[in-house]
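Me: I would like to go through this model one question at a time. Please keep to what can be computed from the atoms.

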Amino acid sequence: MVTLAEVARHAGVSASTVSYVLSGKRSLSDATRRRVEESVRVLGYHPNAGARALAGGRSDIIALMVPLRTDLYLPVMMEIAVAVAGTARAHGYDVLLLTGEEGPDAVRRVTGSGLADALILMDVELDDERLPPLRASGRPSVLIGLPADPAGLTCVDLDFTATGALCVDHLAELGHREIALIGEAPGVYERGTGFAARTLAGLRSRAAERDVRLLHRPCEGGHDALAATLARVLDERPDTTGFVVQNEAAVEPLLALLRRGGRAVPEDVSVVAVCPEQVAVQASVRLTSVAVPARELGRRAVEHVVALIDGTGADEVVLLPPALTVRASTGPAPARVRQARSEEA
């Protein structure tokens, strides 16, 4: 990384002169200013953000990395981002929002230039390529998500493994023994996105423990994609009576298609959703759900990263326990299913 002193040597001026040019604190000759600006350009120097950073090594900015992908539910991402911005402002920090797909290059650019005092990363993958440069930088950072190896990192997330297990427990206790997960779009699983992979792992593990058959089908969301996915589920497992949905775009199409197919909710089939509270309560059938605590995640991430900046925090993994709220979309398995299970026992 090019230093301010190297820029000064290249321009043939003092380091303080370079600082004055970058901060605008003093009036200098046009020739001197042009010479410094040319050296900055040629050497590729990234000045720290503003006079505060030049003087004291602080920018009072937190960088928030939010890759905006079309296969994820953006309102949740934006709710987290708004919570981050509001909490950061309350602590005296502004937020720099990075929404591109630059990945590790963006991490290097931000940490190398001193553009921000800390970083918060969202949409965390199990083997996230942003993590090696983040670890190498030593810059304070918090992940909203959990990678496969969280060593040396601070992570805040909903406990999605426990969330998957909780959904199975609820349906199993109602007598459902054939459960299908209508999951996120295929690309979400192909990237190894942490929240989706961990929910699936929790579902599979608890289903095996409770002698429940689980079928997982990713879905792009929307009526046509959901119609094809549901038809495939019912063709492969016609006795499916329990659905777990972790795909906000699939919620309303699923309910509509079940009605059209003559399957009443919850008399014939039960539906549990992993989604924001507003999605659950505004659905055509009020959904039993595990809420994604978007605002709480954003708030906690900022509080942890501010503590790291101040030197009072330590690396840790904070997983919020899931809470399942029972509403109108789940009920006992149909009598024929309960009878079949009784006969097998």
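**Exposure, packing and backbone**

Me: Is Q282 buried or exposed?
Reply: The relative accessible area of Q282 is 65%. The cut-offs are under 20% for buried and over 50% for exposed, with partly exposed in between (1.4 Å probe, protein chains only). By that scale Q282 is exposed.

Me: What kind of model is this, and what pLDDT do local features need?
Reply: Residues are numbered from 1 along each chain as its sequence is written, and side-chain values use heavy atoms, without hydrogens or water. The model is predicted, totals for chains, interfaces and linings use all residues, side-chain atom pairs count only at pLDDT 80 or more, and local features need a pLDDT of at least 70.

Me: Which elements do the buried residues of α12 pack against?
Reply: Helix α12 covers residues 251-260, and its buried residues are V251, P253, L254, L255, L257 and L258. Packing is judged by contact, meaning heavy atoms within 4.5 Å. The elements that these buried residues pack against are α11 (223-236), β8 (242-245), β9 (270-275) and α13.

Me: What covers the buried residues of α6?
Reply: In helix α6 (residues 104-113), the buried residues are P104, A106, V107, V110, T111 and S113. After this helix comes G114, whose positive phi is near 70 degrees. The cover over the buried residues of α6 includes β1, β2 (94-98), β3 and α7.

Me: Which residue of β5 stands opposite I144?
Reply: From strand β4 (residues 141-144), S141 and L143 point one way while V142 and I144 point the other way, and all are buried. Strands pair if DSSP finds at least two bridges between them; β4 runs parallel to β3 (residues 118-121) with three bridges, and S141 is the partner of L119. Two bridges also join β4 to β5 (residues 155-158), again in parallel. The residue opposite I144 in β5 is V156.

Me: Which strands are at the edges of the open sheet of six strands?
Reply: The order in this sheet is β7-β6-β8-β9-β10-β12, with mixed pairing. Strand β10 (residues 288-291) runs antiparallel to β12, with two bridges, and V290 has L324 as its partner in β12. Pairing on one side only marks the edge strands, β7 (213-218) and β12 (324-325).

Me: What is the phi of D60, and what is the phi of D211?
Reply: Most residues other than glycine have a negative phi. D60, in the loop between α4 (50-56) and β1, has a positive phi near 60 degrees. D211 lies in the loop between α10 (194-209) and β7 and is exposed, at a relative accessible area of 56%. The phi of D211 is also positive, near 55 degrees.

Notes
Helices (H or I, at least four residues) and strands (E, at least two) are DSSP runs, numbered from the N terminus.
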